[in-house]
Amino acid sequence: MDLEKYDAIVVGAGTAGTMASIALAGRGAKVLLIDSKAKDLIGKKVCGDALGTHHIINVGLPFPPKETYRGKFNAVRVYSPSKKYSVKVEGEGLALNRHAFGQWLLKLALDKGVELRDNTRAEALMFENGRAKELKVVDKNGSAYYVSGRYFVDASGFYGILRRQVPETFGLEKEIPLEDFSITYREIRKVKNVEDLGVAKIFLDEQIAPGGYWWYFPQGETTVNVGVGVQGGKNVNPKKNFYNIIEENEALKNSEILEQGGGIVPTRRSLYTLVSGNVLFAGDAACTANPIHGGGIGPSMLSGKLCGEAVADALEDPEKEREKLWQANKRYVETYGAKAAGLDIFRIFLQSLTNDEIEFGMSKGLVTDEDITDIGYGKADFTVREKALIIIRGITRPTMLKHLAETAKYMKIVKQEYLKYPDPNMFPSWVEKIENIFQEYKRKFIEKS
Ligand SMILES: Cc1cc2nc3c(=O)[nH]c(=O)nc-3n(C[C@H](O)[C@H](O)[C@H](O)COP(=O)(O)OP(=O)(O)OC[C@H]3O[C@@H](n4cnc5c(N)ncnc54)[C@H](O)[C@@H]3O)c2cc1C
């Protein structure tokens, strides 16, 4: 038995866990950060490595040092299945050196006094009167022991080791349905010349990436991160499809593999609550990645920070523990969760389209550069243009345009409901309302088509 009691135990030293630890230790809390990886390997992760710089600013971090990124983006371009049509979103982003970025975050946490236990796997959460008390961990020699804490943060990534062990909590999904995940395979390759340095490219193609997309993200003049993500449950092997892409692209075919691997990321609205008793969830463990493109580094850092701050508030004012912890939900919804829920409607819409429909929509300019930027901010509205477009562009498929307009309407409805995020006593009826909106949308537009 480890007799030492921590204010907070954070499981997972990824982007979510390090940010939660930084926030907590910055407020004077005694924090234990646990990761199954060796210290030197923390931050190493199969990823597209793209991060919009606004995410770093939003969580109040300093601009990261040069060694943490390999290049910069100024735009993202999304292509139709034929690649003939595309839309562009402008904005600055970094092509991260993911490992170095993770090590930088870890160092920021350690410098604040966080205690790291690496090579240590969190296994079982022990409860007393419904409250998490101790965590059983296993070190690299296979020896198990217990650490005790007042609060626990699950930042263990998509598997959510603690989330699965908390008592049944209304509105908390302990198991995430397979179709809400993106199953991915990616390689970092050395090429002779990177195409369009500064532009991260996303290709929509239901044949290669059903329910997802494939990407080409430059990381410098001769390095590129290429990958495929497919919706879970489709029985598609992303690695096999990845090699079809390589076969068809001469420049990639003759390139050298620098890194390779598969990964999983939840691509859906975040958990309805980041709090269950004295256990909080952040990052992929809370499904915070962007539902449309799976960009999860930014929201994982944000949710980690907000969970850390809420725990620090509860430590300072234990009488108001419940209210203080719940603030993690309220602040997250205001800053990201409401937008993500709206985007989840758009994700469901996108996943219902065939290649032919995507091609048609993009060829007719149903979604413009401006719309795609607005969608990114969670505020698209196609209703006004609906009739005008039918006349001006001679749209031969008004149903599709109507469907798009209705989708924008539902995005707005969901977002508005999220912005009325409830106090704990009203939480069950709020969850029901949100579930009903999603079910209604699916019933009206998805299950029919
Ligand atoms: C192929 C792919 C491409 C992606 N591309 C992008 C992109 O370009 N941009 C973007 O923003 N996002 C991208 N994402 C998503 C992004 O990587 C994740 O959303 C983000 O890393 C989540 O961070 P996290 O801290 O929640 O989880 P993780 O980064 O997964 O960290 C979890 C940590 O917990 C540790 N851990 C797990 N279980 C235990 C345990 N039982 N005990 C102890 N430690 C444990 C792990 O070792 C790990 O260090 C991509 C994901 C994938 C899979």
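**Rings and domains**

Modeller: Let me begin with helix α3 (residues 98–111), where Phe101 and Trp104 both lie, three residues apart, about one turn of the helix; helices here are DSSP runs of H or I with at least four residues, numbered from the N terminus. This is a predicted model, in which local features need pLDDT of at least 70 and side-chain atom pairs count only at pLDDT 80 or more, while totals for chains, interfaces and linings use all residues. Residues are numbered from 1 along each chain as its sequence is written, and side-chain values use heavy atoms, with hydrogens and water left out.

Colleague: How many aromatic pairs does the structure hold?

Modeller: The structure holds 23 aromatic pairs, counted when rings of Phe, Tyr or Trp (its six-membered ring) have centres within 6.5 Å, with planes under 30 degrees apart called stacked, over 60 edge-to-face and the rest tilted. Phe101 and Trp104 make a tilted pair, because their ring centres are 5.8 Å apart and their planes stand at 40 degrees.

Colleague: Changing topic, how is the chain divided into domains?

Modeller: An automatic or database assignment gives domain 1 (5–49 + 97–176 + 268–316), domain 2 (179–266) and domain 3 (343–446).

Colleague: And which residues form a salt bridge?

Modeller: Asp180 forms one with Arg268, with the closest N and O atoms 3.2 Å apart; the criterion is a side-chain nitrogen of Lys or Arg within 4 Å of a carboxyl oxygen of Asp or Glu. Between domain 1 and domain 2 the count is one salt bridge.

Colleague: How far apart are the C-alpha centres of domain 1 and domain 2?

Modeller: Those centres lie 29 Å apart.

Methods:
Helix = DSSP H or I, 4+ residues; strand = E, 2+ residues; numbered from the N terminus.
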